[in-house]
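Open the model in your viewer and keep the selection tool ready. Each stop below says what to select and what is there.

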Amino acid sequence: LTSYAPHDLPPRQRVALNLIPTILEHLTELYGPFPFESLNVVWVDGLTDDEGPDVGLLKWGPDRLDPTALAHHLTHIWFTVNVTPSTSHESYLRVAFANYADVLWIEHADGVAARDERLATMYARLGARTDAPAEPSRIADNVALFIRGPLSLHALRVIVGDDTFFEILRAWIVRFHGQAATVSDFVHLAEQVSGRSLAGWRQRWLLDEAVPPISELGLGPG
């Protein structure tokens, strides 16, 4: 892990930089070993949302100081750079995992109650219907990808349990290391690892436009 940053970083930026190894360590516990031999952390003034990670490279800047943002962009290295969505139509694979990393970091840093509060807030933004996450009509500002996508992963976690859920993520990283993949590939692998059919989860969370009940997230009434 090598960082490239100005020596005169202000205190808040320095705190964020010093936290990156801790975040990285936690993510390796969840996802398995970092998929590349090294990680270069590079400070970029005027960083834009379009400037994402690359092979062994994390760009950060004035707008990426929050730990959840750092966890989000580090997760992209596992789930976007290491395993690449086969086409732009497979953006679920890029967006859902990185946005669920926000939830995972909140859970780690602040506990399950804070995690559930974030999940409930996200769910409240969906309304009754969205695009089907596996068949989005667009990528930018699409709640089907950026909100329902990560919620669908939590719904999967509720179905299979924590141990199996994270086993699925670790298997995904290994099985498709350095390859392009599809949403169908992910569902198939999840079924293999869990030893159960996930056709109902796939239909309700990835293919239907109707938003499933919040109870499928382990929250609220049915």
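## Stop one: a charged network

Select Glu107 and Arg157: their side chains meet in a salt bridge, N to O at 2.9 Å. A salt bridge here is a side-chain nitrogen of Lys or Arg within 4 Å of a carboxyl oxygen of Asp or Glu. This is a predicted model, where local features need pLDDT of at least 70, side-chain atom pairs count only at pLDDT 80 or more, and totals for chains, interfaces and linings use all residues. Residues are numbered from 1 along each chain as its sequence is written, and side-chain values use heavy atoms, with hydrogens and water left out.

Glu107 sits in helix H3 (residues 92–110) and Arg157 in helix H6, 50 residues apart, so the pair links distant parts of the chain. Helices are DSSP runs of H or I with at least four residues, strands are runs of E with at least two, and both are numbered from the N terminus.

Are Glu107 and Arg157 buried or exposed? Both are buried. Buried means under 20% relative accessible area, exposed over 50%, and partly exposed in between (1.4 Å probe, protein chains only).

Asp162 is partly exposed, at 40%, while Arg157 has a relative accessible area of 3%.

Next, select Arg115 and Asp116. Their closest N and O atoms are 2.8 Å apart, in a salt bridge. Arg115 is buried at 11%; Asp116 is partly exposed at 21%. Glu107, Arg115, Asp116, Arg157 and Asp162 are linked in a network. The whole structure has six salt bridges.

## Stop two: the rings

How many aromatic pairs are there? The count comes to 11. Rings of Phe, Tyr and Trp (its six-membered ring) pair if their centres lie within 6.5 Å; planes under 30 degrees apart are stacked, over 60 edge-to-face, the rest tilted.

Select Tyr31 and Phe79. Their centres are 4.9 Å apart and their planes at 90 degrees, so the pair is edge-to-face. Tyr31 lies in helix H1 and Phe79 in helix H2 (residues 67–82), so the pair ties together parts 48 residues apart in sequence. Tyr31 is buried at 2%.

Move to Trp172 and Phe176. This pair is tilted: 4.7 Å centre to centre, 45 degrees between planes. Both rings belong to one aromatic cluster, whose members include Tyr31 and Phe79.

## Last stop: Pro21

Pro21 is in helix H1 (residues 11–31). Its C-alpha atom is 8.0 Å from that of Leu1, 20 residues away along the chain.
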